[in-house]
Amino acid sequence: MSPVALTPGTQTPATENPPPNAMPTPSVAPANPLFSLSTRTTAITGGGRGLGIVLTSAILEAGGDVACLDLLPAPAAEEWVAVQKLAASRGLSATYIQCDITDEVATQAALENIARVGVERGMPLRGLITCAGIQQMVPALEYPVELWRKMLDVNVVGTFIPAKHCARIFKEQGTGGSIVMIASMSGQIANRGLTCTAYNSSKAAVHQMCRSVAQEWGQYGIRVNTLSAGYIRTAMTDALLVAKPEVEETWMRGALLGRLGVPDDFKAPAVYMLSDGSGFMTGADLRVDGGHCASA
């Protein structure tokens, strides 16, 4: 049979009748743009390993550029290779900057550079996830004040500095933006089996910071929310559970889904909070804890 020339808008003629029981070919619908990050860059503090580097992949999978900041000289090698392969396969950018997020001058400079590159790529900086944080398990009666101050410096001040400067950039660009502060269910409860008064206090401060700046910055189209994680299996928590196996038994008694969390459990919630799909959500907390806070 001779080939048939088609004009735009015409359908290819069938060369034979389809079988009587043939199913129609399904059409593939495009991804819902409400959950796309394809027009923006997101910065992630603490993006060199753990939850931060997993969320880096989540942003790339949602179509966005991503810029990671971390105190580490370099990101986790194996995970970063996978990140770069994913970025290259989608024509996106994933960059890494060594930065102490408690140093305001350095953090401001890093974020301004990220914003400049984003504009040049047609992917303006419109998102921030503050993942950087530390944890210590020390009885309150024995807690050295200098370690308490360090906890607040990293977890609270280290959240405020990047949030402040991203918000200023969003305002100056006139684009608005979304800030996701990684908090914890520990900002709302006292964890059984753990002596983490300083950590819990720092995460409670992040919750209140979120509500307060959301009230200030909403007029600029800037949304600020917290993502409160439950118990996550990471290198840090695995080391704790090896040293104190009784802690895992305590945690599992509150695990309504029969398991602890893994970093991948937070990819979809983070993308939702960054994307236009959560456009009417600000000053709120999204708790993803496997049901730990639902039972006594």
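Predicted model: local features only at pLDDT ≥ 70, side-chain atom pairs only at ≥ 80, totals over all residues.
**Exercise 1. Find what the pLDDT says about the protein chain and where it is below 50.**

Step 1. The protein chain has a mean pLDDT of 89, and 89% of its residues reach 70 or more.
Step 2. The pLDDT is below 50 over residues 1–16, a stretch with 5 contacts in the model beyond near neighbours in sequence.
Step 3. Residues 22–30 also have pLDDT below 50; beyond near neighbours in sequence, this stretch has 0 contacts in the model.

**Exercise 2. Decide how many disulfides there are, and whether C131 is buried or exposed.**

Step 1. A disulfide needs two cysteine sulfur atoms within 2.5 Å. By this rule there are 0 disulfides.
Step 2. For C131, the nearest cysteine sulfur is that of C68, 9.2 Å away.
Step 3. Buried means under 20% relative accessible area. C131 is at 18% relative accessibility, so C131 counts as buried.
Step 4. C293 has a relative accessible area of 24%, so C293 is partly exposed.

**Exercise 3. Describe the lining of the largest pocket.**

Step 1. The volume of the largest pocket is about 1,200 Å³.
Step 2. Its lining has 44 residues, and the closest to the pocket centre are C131, G133, I134, Q135 and M236.
Step 3. Elements that each supply at least two lining residues include α1 (50–61), β2 (65–70), α4 (145–173) and β5 (177–184), along with α5 (197–217) and α6 (235–243).
Step 4. The most is given by α6, with 4 residues.
Step 5. By class, the lining residues are 24 nonpolar, 15 polar and 5 charged.

Technical notes: Residues numbered from 1 in each chain as written. Heavy atoms only, no water. pLDDT = per-residue confidence, 0-100. Contact = heavy atoms within 4.5 Å. Buried < 20%, exposed > 50% of the residue type's maximum accessible area, 1.4 Å probe, protein only. 1 Å grid on protein atoms, 1.4 Å probe; cavity = no way out; pocket = protein on both sides within 12 Å on 5 of 7 lines; lining within 4 Å. Points joined across faces, edges and corners; volume = space filled by probe spheres on them. Nonpolar A, V, L, I, M, F, W, Y, C, P; charged D, E, K, R; others polar.
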